[in-house]
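Have a go at each task before you read its solution.

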Amino acid sequence: MSTPIPIYLVNQTDLAKDHADSQAWAQATGFKADTNTVCLVPGPEGNLAKVLVGKPDPIDTWTLGNLPKTLPPHTYTLADEWPAATATKLWLGWCLGRYSFAPYKRQSPPPMAELVPPAGADTAYVTTTVAATTLVRDLITTPAGDMGPEQLQAAAQKLCDRHLANLTTLVGDELIDQNYPMIHAVGRAYTQAPRLLDITWGDPDAPKVTLVGKGVCFDTGGLDIKPAAGMKLMKKDMGGAANALGLAEMIMGLHLPVRLRVLIPAVENSIAGNALHPLDVVSSRRGLTVEVGNTDAEGRLVLADALWEAVCEEPAPQLVVDFATLTGAARVALGTELPACFSNRSELANTLLNCGLAVDDPLWHLPLHQPYRSMIDSSVADLSNISNSSFGGSITAALFLQEFTRPEIPWVHLDLMAWNVRSLPGRPEGGEAMGMRAVFELIQQTVAKDQPTNSASH
């Protein structure tokens with residue numbers, strides 16, 4: 001086996017101080033140690049002797065994210081020792097940069113560069129996080145024709161089988177019998193029956209955490225049909241469910257000492273003779289009636305039934321988190337790469353934002369501005385699923401969901417894109433985990449902080 005090629009992270013000072021033998025080559029190739037730039041330095045026999053990488057300040061998860069696919073396919077090693085937390089970030093970013101989605105391509109992906117795991121890196125955390133992120137990306141990027149409610153259920157079952165978790169399902173008219181009327185109403189027009197996936201794992205006496213994920217496997221908009229451009233990416237509308245399953249993979253894989261429950265309403269918002277009409281009134285699990293002002297605002301309907309189940313469980317969960325590709329308004333406000341976060345506890349939201357910054361998984365806090373609540377009043381039902389205003393759409397959607405929570409139970413709502421519209425280091429274009437690592441950190445720091453665990457610290 002050949003000796004691994006060393007990688008050095010350098011700024012201009014490091015380049016001048018520690019790599020005098022490479023300065024002439026760096027100057028000839030225009031390398032100035034800028035962030036995200038690379039210099040391949042040859043040895044005296046023409047072989048690749050070392051790699052210089054522009055060092056960002058601070059070093060983050062994505063510092064090495066481009067290298068697996070851009071370096072020659074050899075084995076490399078980090079030349080310098082790093083603190084454990086930094087080594088973990090560098091290793092994670094490298095591993096996430098190796099991802100590609102290729103099940104529909106005839107040719108296999110080209111060989112990629114390998115990195116020797118850095119000393120001190122939390123291998124358990126990296127391995128599990130990569131598995132979770134890969135699960136999220138694969139589920140979202142898979143075409144809707146191959147990822148309907150049935151296939152999403154099968155993916156959840158595989159996850160449960162790996163971790164000895166329990167999965168129960170309610171399918172089709174069972175949703176009516178067990179009082180999940182809005183999940184049934186949204187999904188009844190598709191050939192695959194709507195369903196509620198219910199995963200449980202962990203010690204029943206441990207602190208309870210419940211995740212809810214929007215599982216709209218494809219969204220035509222219903223009878224308020226989307227235009228072609230708006231419908232094209234709607235295979236990603238189950239991105240909330242995918243992120244909830246990815247977070248479950250992290251929690252179970254790293255043995256967080258919690259009682260985990262995951263609720264996923266899995267449907268397709270399709271068009272048929274039995275589809276919801278605009279201005280239909282549907283009942284909900286909570287008992288509130290909802291006027292369907294727009295059939296394309298269906299995600300909040302299925303989430304509402306699942307959320308009410310989550311907050312009514314006894315004993316009550318210590319934290320409820322929902323993930324949803326819910327509104328275009330959040331993307332207009334924050335762009336596609338920064339999920340919006342809402343919470344009925346401002347201190348909880350602040351903690352989550354700090355967790356996201358710590359693990360390079362940022363979010364932004366938007367308010368549950370109560371004066372906007374009147375915008376979802378209805379003249380014929382208890383509330384409407386859309387606002388009577390074209391402004392503040394992500395806030396009014398969150399206020400709708402808040403009607404199906406309980407104020408005494410801490411709740412976080414994430415409105416996310418779940419899709420990279422451009423390729424960045426370690427984050428190729430396509431389905432993406434957003435907020436998953438931040439929420440894991442939140443659970444680890446708050447709910448599970450005083451509990452014994454056999455997972456590695458990172």
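**Exercise 1. Describe how helix H4 packs against H5: what are the angle and the distance between their axes?**

Step 1. Helix H4 (residues 84-96) and H5 pack at about 35 degrees, and their axes lie 10 Å apart. Helices are DSSP runs of H or I with at least four residues, strands are runs of E with at least two, and both are numbered from the N terminus. Axes are lines fitted to C-alpha atoms, for helices over the stretch in contact, with angles from 0 to 180 degrees between N-to-C directions.

Step 2. The model is predicted: local features need pLDDT of at least 70 and side-chain atom pairs pLDDT 80 or more, while totals for chains, interfaces and linings use all residues. Residues are numbered from 1 along each chain as its sequence is written, and side-chain values use heavy atoms, without hydrogens or water.

Step 3. Now find the contact, meaning heavy atoms within 4.5 Å. From H4 come Thr-88, Trp-91, Leu-92, Cys-95 and Leu-96, which meet Tyr-125, Val-126, Thr-129, Val-130, Thr-133 and Arg-137 of H5. Sorted by class, the contact has 7 nonpolar, 3 polar and 1 charged residues (Ala, Val, Leu, Ile, Met, Phe, Trp, Tyr, Cys and Pro count as nonpolar, Asp, Glu, Lys and Arg as charged, and the others, Gly among them, as polar).

**Exercise 2. Work out why H13 is oblique to H15.**

Step 1. The axes of H13 (residues 346-358) and H15 (residues 436-445) come within 8 Å and cross at roughly 120 degrees.

Step 2. H13 is therefore oblique to H15, given that under 35 degrees counts as roughly parallel, over 145 as roughly antiparallel, 65 to 115 as roughly perpendicular and the rest as oblique.

Step 3. The crossing is right-handed. Leu-348, Thr-351, Leu-352, Cys-355 and Gly-356 of H13 make the contact with Ala-438, Val-439, Glu-441, Leu-442 and Gln-445 of H15.

**Exercise 3. Find the largest pocket: which residues lie nearest its centre?**

Step 1. On a 1 Å grid over the protein atoms alone, a pocket is an open set of points with protein on both sides within 12 Å along at least five of seven lines, a cavity is a set where a 1.4 Å probe fits but cannot get out, and lining residues have an atom within 4 Å of a point.

Step 2. The largest pocket holds about 650 Å³, a volume being the space filled by probe spheres set on grid points joined across faces, edges and corners.

Step 3. Of its 31 lining residues, Lys-226, Leu-326, Thr-327, Gly-328 and Ala-329 lie nearest the centre. H12 gives the largest share of the lining, 3 residues. The lining divides into 10 nonpolar, 11 polar and 10 charged residues.

**Exercise 4. Which residues line the largest cavity?**

Step 1. There is 1 cavity of 30 Å³ or more, and the largest cavity contains about 50 Å³ of space.

Step 2. Its lining is made by Ala-185, Val-186, Ala-189, Gly-222, Leu-223, Asn-269, Ser-270, Ala-275, Leu-276 and Thr-295. These comprise 6 nonpolar, 4 polar and no charged residues.

**Exercise 5. Where does the cis bond from Glu-314 to Pro-315 sit?**

Step 1. Most peptide bonds are trans. The Glu-314 to Pro-315 bond is cis, with omega near -10 degrees.

Step 2. Pro-315 belongs to the loop between H11 and strand S13 (319-324).

Terms used: A crossing is left-handed if the near helix is turned anticlockwise from the far one by less than a right angle, and right-handed if clockwise.
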